[in-house]
Amino acid sequence: HGDIAGLKRRRATRIAEKHLGNSRKYLDQGQTDAYYLEIARALWGYVQDKLGLPTSITTVSAVAERLVNDNADEALVQKIRVALDAVEYARFSPTRASAEEMQSLYHTAREAIVSMEEAMRGKA
């Protein structure tokens with residue numbers, strides 16, 4: 001009961017899936033801001049929970065550095081970095097993305113989560 005970090009690691013995938021599902025609903029309803037927020041929650045929340053990083057120090061470079069220190073494959077590090085950068089760019093860009101770009105962002109985030117999950121399971 002005292003292992004909060006372990007509990008977060010175990011629940012990270014389920015919570016990310018919930019946020020991705022919500023983002024899909026918002027995308028279908030045309031609620032762009034809510035869509036981007038849910039995508040960010042899914043990806044950033046998953047990474048933070050899986051790596052045990054507090055929000056205060058979680059940046060793209062901190063995540064990449066932690067993955068490298070954990071001997072993650074370079075392709076995984078790059079995929080996570082690209083997904084996090086894409087989410088941040090999409091959320092804070094002054095221009096709005098097309099439906100295809102928003103769909104692509106969804107798939108990029110999902111692929112990054114799946115790839116990291118597979119890599120983490122391979123180490124366990």
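This is a predicted model: local features need pLDDT of at least 70, side-chain atom pairs count only at pLDDT 80 or more; totals for chains, interfaces and linings use all residues.
1. Quick definition before we start: a salt bridge here is a side-chain nitrogen of Lys or Arg within 4 Å of a carboxyl oxygen of Asp or Glu. The structure holds 5 salt bridges, and a few of them are worth a look.

2. Staying with that pair: Glu-117 and Arg-121 are 4 residues apart in helix α5, so about one helical turn separates them. Glu-117 is buried, with a relative accessible area of 10%, while Arg-121 counts as exposed at 60% relative accessibility. Salt bridges with shared partners also bring in Lys-50, joining Lys-50, Glu-117 and Arg-121 into one network.

3. Lys-50 sits in helix α2, which covers residues 32-51. Its salt bridge with Glu-117 has the closest N and O atoms 3.3 Å apart. Because Lys-50 lies in helix α2 and Glu-117 in helix α5 (residues 99-123), the pair ties together parts that are 67 residues apart in sequence. The two side chains are also joined by a polar contact of 3.3 Å.

4. Is Lys-50 buried or exposed? Lys-50 is buried, because its relative accessible area is 12% and the cut-off for buried is under 20%. Glu-117 is buried as well. If you are clicking through the structure, look for this pair between helix α2 and helix α5.

5. The side chains of Glu-38 and Arg-41 meet at 2.9 Å, N to O. They are 3 residues apart in helix α2, so the separation is about one helical turn. Glu-38 counts as buried at 5% relative accessibility, whereas Arg-41 is partly exposed, with a relative accessible area of 42%.

6. Next, some charge on the surface. Arg-9, Arg-10, Arg-11 and Arg-14 form a positive surface patch. Arg-10 is placed in helix α1, residues 4-29. Why does Arg-10 count as exposed? Its relative accessibility is 57%, and exposed means over 50%.

7. You'll find Thr-58 in the loop between α2 and α3. What does its side chain touch? There is a polar contact between the side chains of Thr-58 and Gln-48 at 3.2 Å. The Thr-58 side chain also reaches the backbone oxygen of Pro-54, at 2.6 Å.

8. Last, a backbone point to check by eye. Asn-71 has a phi near 60°, a positive value in a residue other than glycine. For context, most residues other than glycine have a negative phi. Where is Asn-71? The residue is in the loop between α3 (60-69) and α4 (74-92). Asn-71 counts as exposed, at 65% relative accessibility.

Note on methods: Residues are numbered from 1 along each chain as its sequence is written. Side-chain values use heavy atoms; hydrogens and water are left out. Patches are made of residues with over 30% relative accessible area and no salt bridge: like charges are joined within 9 Å, nonpolar side chains (Val, Leu, Ile, Met, Phe, Trp, Tyr) within 5 Å. Accessible areas come from the Shrake-Rupley method with a 1.4 Å probe; for residues, only the protein chains shown count as cover. Lys and Arg count as positive and Asp and Glu as negative; His and the chain ends are not counted. The place of a charge is taken as NZ of Lys, CZ of Arg, CG of Asp or CD of Glu. Helices (H or I, at least four residues) and strands (E, at least two) are DSSP runs, numbered from the N terminus. Buried means under 20% relative accessible area, exposed over 50%, partly exposed in between (1.4 Å probe, protein chains only). A polar contact is a pair of N or O atoms within 3.5 Å; within protein, one must be able to donate a hydrogen and the other to accept it, and residues adjacent in sequence count only if both atoms are side-chain atoms.
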